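Please keep the sequence and the 3D view at hand while reading.

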Amino acid sequence: MQSVINNVIQYKWYSSLDLRSAYHQVPLLSEEIKNIAFEANGQLYQFKRISFGLKNAVPCFQRVINDIIAAHGCKGTFAYLDDITVCSRTKEEHDENLRFFLMLRKSAILH
């Protein structure tokens with residue numbers, strides 16, 4: 001958290017996006033699916049995506065988002081858990097950075 005704050009305070013313009021519960025969109029590896037299976041009423045249920053309540057769900061999601069930010073060169077974009085902060089020094093740069101991140105969010109990358 002402190003590193004995100006240290007990065008954000010260098011900028012004049014910023015937007016904060018809450019991707020609440022977006023970690024449900026992160027697929028599990030096929031070999032991990034059996035590890036979080038559960039039984040109810042005689043039926044076996046297996047999640048294919050990270051589910052609510054898993055101990056490392058949110059940190060895993062942050063790692064995925066950090067990888068996306070790095071891979072796509074999102075300027076002035078920082079993740080903390082499921083919150084994304086998009087920053088810039090000018091309004092024009094901010095609009096461009098935000099538009100770029102929102103385009104990624106709408107693409108298959110974050111869905």
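Contact here means that heavy atoms lie within 4.5 Å. The structure is a predicted model, and every value below is computed from it.

Thr85 lies in strand S5, and with a relative accessibility of 12% Thr85 counts as buried, because buried means under 20%. When residues up to four places away in sequence are not counted, Thr85 touches Val8, Tyr14, Ser15, Ser16, Gly76, Thr77 and Phe78.

Asp83 also has its place in strand S5, which covers residues 83–88, but at 30% relative accessibility Asp83 counts as partly exposed. Leaving aside neighbours within four places in sequence, Asp83 is in contact with Leu17, Asp18 and Phe78. Asp83 and Ala22 are 61 residues apart in sequence, while their C-alpha atoms are 9.9 Å apart in space.

Which residues of H3 are buried? They are Ala57, Cys60, Phe61, Gln62, Ile65, Ile68 and Ile69, and these buried residues pack against strand S4 (77–80), strand S5 and helix H4. After H3 comes Gly73, whose phi is positive, near 60 degrees.

How many salt bridges does a search of the whole structure find? The search finds one, in which the side chains of Asp95 and Lys91 meet at 3.1 Å, N to O. Both residues lie in helix H4 (residues 91–106), where they are four residues apart, about one turn of the helix. Asp95 is partly exposed, with a relative accessible area of 26%, and Lys91 is likewise partly exposed, with a relative accessible area of 38%.

## Aromatic pairs

A pair of aromatic rings is described by the distance of the centres and the angle of the planes. The count for this structure comes to three aromatic pairs. One of them joins Tyr11 and Phe78, whose ring centres are 6.2 Å apart and whose planes are 50 degrees apart, a tilted arrangement. Tyr11 lies in the loop between helix H1 (2–8) and strand S1 (13–18), whereas Phe78 lies in strand S4, so this pair ties together parts that are 67 residues apart in sequence. Phe78 is buried, with a relative accessible area of 16%.

Phe38 and Tyr45 form another pair, and this one is stacked, with 5.4 Å from centre to centre and 20 degrees between the planes. The angle counts as stacked because it falls under 30 degrees.

Phe38 counts as partly exposed at 37% relative accessibility. Tyr45 is found in strand S3 (residues 43–45) and, at 40% relative accessibility, counts as partly exposed as well.

Terms used
Residues numbered from 1 in each chain as written. Predicted model: local features only at pLDDT ≥ 70, side-chain atom pairs only at ≥ 80, totals over all residues. Heavy atoms only, no water. Helix = DSSP H or I, 4+ residues; strand = E, 2+ residues; numbered from the N terminus. Buried < 20%, exposed > 50% of the residue type's maximum accessible area, 1.4 Å probe, protein only. Salt bridge = Lys/Arg side-chain N within 4 Å of Asp/Glu carboxyl O. Phe/Tyr/Trp six-rings, centres within 6.5 Å; stacked < 30°, edge-to-face > 60°.
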